[in-house]
Every structure is written in structure tokens, then in C-alpha cells.
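Good morning, and thank you for making time for this short report. Please look at the sequence and the model on the screen while I go through a few features in turn.

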Amino acid sequence: HLALHAVVNEHSPLRSKLVFANDRSSAGADTLELSEIYKLHLPQTRLVVLSACQSGAGRYYDGEGMIGISRPFIAKGVPLVVASLWPVDSGATAQLMIDFHKSRKSGRSTADALALAQQAMLHGSDSRYRHPYFWAPFVTVGGYARF
């Protein structure tokens with residue numbers, strides 16, 4: 001689960017990056033570009049959760065299809081990625097992800113857990129987060145998985 005910022009580069013998708021928070025002792029934020037993700041060794045990884053703005057969005061390229069931040073994880077053999085299609089609200093996303101992981105720990109599949117967490121926000125006591133803007137950007141990307 002990567003809870004961070006994402007920067008989409010529409011002109012050069014391989015330069016899109018995940019931005020990690022830096023500590024006070026470092027000069028700048030650490031980043032992981034898509035081109036670097038393609039070099040990672042992820043043989044045991046079954047799920048990646050990208051809790052970041054527009055991590056599932058991408059631009060369509062003729063002959064290549066959609067290229068977004070979730071794509072290199074799928075290309076490296078990760079069967080399932082949870083990602084967002086538009087900018088997200090930090091508070092709403094935190095609540096959604098807590099509910100999502102609780103459902104997963106109780107044995108629900110990833111897709112079911114995400115749907116349950118989204119439904120909880122839709123019908124939740126916090127009226128601010130009932131609007132789809134807050135819970136609907138997160139989708140599963142990849143093939144069917146029972147985990």
C-alpha cells in the first residue's frame with residue numbers, strides 16, 4: 001500500500017512518478033518514476049494499492065493502449081492494482097482505505113472489499129463523503145483475483 005502523491009506526465013508517461021514524503025534531513029522528496037518501476041523485481045507481489053491522485057488514470061496511445069502509473073505494476077506481473085481515476089481527498093481516502101483493509105482482513109476479495117468500503121462511505125454518517133467524488137475514483141486494475 002503506497003499512500004503518497006502521484007505526478008502524471010502526459011507528454012512522457014515513463015517520466016510519471018510516485019512522490020514519497022521526505023524527512024526533514026533530506027534535501028528533496030524521493031521519487032519513483034514509471035521507468036524505474038519496470039526495473040523492480042516483484043515476483044511475490046499479488047496486490048499494489050496506489051492511494052494517490054490519478055494513479056489509475058492515463059492517456060491512450062495508439063498501439064500501446066492506456067499508459068498510467070498502474071501499468072508497470074501489471075506489466076511486472078502484479079495481478080491486481082487498486083488505483084484512482086482522478087484527484088482524491090486525503091481525509092476521505094484515508095477512511096476508505098481503512099475500511100477497505102478491514103474488509104480484506106476479514107477474508108473478502110479485493111474487489112468486494114473495495115466495493116464494501118465505497119458503499120460504507122456512500123451510506124456513512126459523514127455526509128461530506130457521501131458524494132461519489134470522494135469514494136468513486138478508486139478502481140481495481142488487472143485480472144480477476146480471489147484475494
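Arg128 counts as exposed, with a relative accessibility of 54%; here exposed means over 50% relative accessible area, buried means under 20%, and partly exposed lies in between, with a 1.4 Å probe and protein chains only. The model is a predicted one, in which local features need pLDDT of at least 70 and side-chain atom pairs count only at pLDDT 80 or more, while totals for chains, interfaces and linings use all residues. Residues are numbered from 1 along each chain as its sequence is written, and side-chain values use heavy atoms, with hydrogens and water left out.

Which residue forms a salt bridge with Arg128? The partner is Asp126, and the closest N and O atoms are 2.7 Å apart. By a salt bridge I mean a side-chain nitrogen of Lys or Arg within 4 Å of a carboxyl oxygen of Asp or Glu. Asp126 is partly exposed, at a relative accessible area of 27%. In general, side chains of opposite charge can pair when their charged atoms come close.

The structure holds two salt bridges. In the other pair, the side chains of Glu33 and Arg15 meet at 3.3 Å, N to O. This pair links distant parts of the chain, 18 residues apart: Glu33 is in strand 4 (residues 30-33), and Arg15 is in the loop between strand 2 (5-7) and strand 3 (17-20). Helices (H or I, at least four residues) and strands (E, at least two) are DSSP runs, numbered from the N terminus. Is Glu33 buried or exposed? Glu33 counts as buried because its relative accessibility is 16%, whereas Arg15, at 49%, is partly exposed.

A pocket, on a 1 Å grid over the protein atoms alone, is an open set of points where a 1.4 Å probe fits, with protein on both sides within 12 Å along at least five of seven lines; lining residues have an atom within 4 Å of a point. Among the lining residues are His5, Cys53, Asp89 and Thr93. Helix 3 (residues 90-105) gives the largest share of that lining, three residues. By class, the lining has six nonpolar, four polar and one charged residues. For these classes, Ala, Val, Leu, Ile, Met, Phe, Trp, Tyr, Cys and Pro count as nonpolar, Asp, Glu, Lys and Arg as charged, and the others, Gly among them, as polar.

Helix 3 also holds Leu96, which is buried at a relative accessible area of 0%. Leu96 and Ala120 are 24 residues apart in sequence, yet 8.3 Å apart in space, C-alpha to C-alpha.

Leu42 counts as buried, at 18% relative accessibility. Its C-alpha atom is separated by 6.7 Å from that of Lys76, 34 residues apart along the chain.

Finally, the backbone. Most residues other than glycine have a negative phi. Gln54, however, has a positive phi, near 55°. Gln54 lies in the loop between strand 5 and strand 6 (58-61) and is partly exposed, at 33%.
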